[in-house]
Each structure stands twice: as structure tokens, then as C-alpha cells.
Amino acid sequence: MINILESIGKKGLQSARSLRDVMSFTYMIFVRLFERRAYNSAVSMVLVNQIYFTAVQILPLFFTAAVCLSIAFVGIIGEYLLRIGLFSYFGRLLMGFMVTEIAPFGTVLLIALRSSSAINAEIAVMKVNNELNTLAVFRIDIINYLFLPRVISGIISVVLLTCLFSLVVLASGLIYSGFFFNMSARDYMAALLESANFFDLIAMFIKSAVFGFFIVMIPIRYGIRATNELTSIPVSVLNGMVQVFIAIVIIEVLSLVITPMISKLI
């Protein structure tokens, strides 16, 4: 019994230390985002390259996935509402569910599967090859030069691609409503404008930015925790990706709880 309690206590302490380290690292990165001295020409160059890698190279795959998901969800929602006689809520579901919930969630999943694992592996390889120590020897701030551009790129990429996903959703709704539900473009736009909520759109942008921050920050954190052995790289990537998906679920749940509460207060 005592051994079991000791084991539980050790795991609890390890989890608490790990959470403390993650929160400390998160705070440090967040503060650096607003320091002017952290930005220079070298950081800008890395930032541009990271945006190209994260947001531009994924566009063909992202656009295809967005179109497929949009057509599927819009068709299912439209057919179901038409069947139960509530098609008047079609615009509200598109704006309140597809645009504000599905678009950021689908976007962050696609980017996390591609970019988060790549960033985690990249940082872990640099740790194993002592490249991080080499940069420190030459007095290059690895937070400013390596970490900050990747975090900013993650935020910008998720926000912009979420907007693209939303546009694809609305375009799919326009095409679907016209061909299958005999709804004119004017009626469709009127339904969207009537259902649009400025606060929900702001909440979508904030949630997308938070998604982008954590799906890059967590892989970086687990990448620098790799040891000097090559076998630690896949372990680091695996642990990092598990934590990324846990963070995505937590952020999504918190947004579903907090957003309606703030909306009622406003």
C-alpha cells in the first residue's frame, strides 16, 4: 500500500513539475512576443521562411481537404434541416457552427499533423547534434532566432488558413443552396448577414491565434527536452504530438464554455 502511494506521489510530483516547466516556458515565449528588441532582420527572414513552410506549402492539401469537408458538412446540415422543416436556420448554423467552430478546429488539426511534428523533430535533431549549444556559444539567442519566428508563424498561419477555410465553407454553402435547395444568392447572403455575430467572429480569431501559439510552443518545448541520443528524437516527437492534441481539445472545450458566457455578459 505504501509503495502504491509513493508511486502515485512521485507521478503527481513529476506531473506538477512538468506543468510548471511548461507554464514557465509559455510565459517566457509570450513575453518575448511583445519585446521590440527580439525582432531584427535575421528573425524576419526566419519568420518569412516559416510562414512559407507552414501556410503556403500546405495550401494544395489544405484547400482540397477544406472543400471536401465543407461540401460534406454543408450537405448534411442542409438536408437535415430541410427534412425537419427548420431550413430557416441554415445560415445561422453555417455562421455559428461551421465558420466559428469547424473552420478553426479543422485548420488546426491539419497544421498540427504537418507542421507541429516537423518542428518538434527539427528542434530535437538540433538538440541531439548540439546545434543549440553552438548557437549559444556564438551568443545567438535561440529564443529570438529559432523559437519566436516559429511561434509567430504558427499564429499567423492558423488565423489566415482559418479565414480561407471559412470562405470555402461559405462558397460551398452558396453553391449547395443554389443547386439543391433552390435558394437564390440574394436570399443566401441575407441569411448569412442576419446570422452573423461580430463577437463570434472575434472569438474565432482569438481561438485560432491561441491554437497557433500552442501547437508550435509545445513541440518546441518537447524538442529541447530531447537527450543527446538519437533514439530520444521519436520519443520527443511522440510525446509532443500527444500533448498538442490534448491542448487542442482543452482549448476547444474552454472556448465552448467561455464564449457563450462572455456573449451573454456583452
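Predicted model: local features only at pLDDT ≥ 70, side-chain atom pairs only at ≥ 80, totals over all residues.
## Largest pocket

The largest pocket holds about 450 Å³ of space. It is lined by 20 residues, and Ala203, Lys207, Ser255, Leu256 and Thr259 are the closest to its centre.

Helix α9 supplies the largest share of the lining, with nine residues. By class, the lining has twelve nonpolar residues, five polar and three charged.

## Aromatic pairs

The model has five aromatic pairs. One of them joins Phe30 and Phe34, with ring centres 5.1 Å apart. Their planes meet at 70°, over the 60 degrees required, so this pair is edge-to-face. Phe30 is partly exposed, at 45% relative accessible area. Phe34 is exposed, at 60% relative accessibility.

Phe30 also pairs with Phe213. Phe30 belongs to helix α1 (residues 2-32) and Phe213 to helix α8, so the pair ties together parts 183 residues apart in sequence. Phe213 is buried, with 6% relative accessibility. One aromatic cluster takes in Phe30, Phe34, Phe213 and Phe214.

## Charges over rings

Two arginines sit over aromatic rings. Arg114 lies over the face of Phe53, 4.6 Å from the ring centre. Arg225 places its charged end over the ring of Tyr222, at 5.2 Å from the centre.

Terms used. Residues numbered from 1 in each chain as written. Heavy atoms only, no water. 1 Å grid on protein atoms, 1.4 Å probe; cavity = no way out; pocket = protein on both sides within 12 Å on 5 of 7 lines; lining within 4 Å. Points joined across faces, edges and corners; volume = space filled by probe spheres on them. Helix = DSSP H or I, 4+ residues; strand = E, 2+ residues; numbered from the N terminus. Nonpolar A, V, L, I, M, F, W, Y, C, P; charged D, E, K, R; others polar. Phe/Tyr/Trp six-rings, centres within 6.5 Å; stacked < 30°, edge-to-face > 60°. Buried < 20%, exposed > 50% of the residue type's maximum accessible area, 1.4 Å probe, protein only. Lys NZ or Arg CZ within 6 Å of the ring centre and 35° of its normal.
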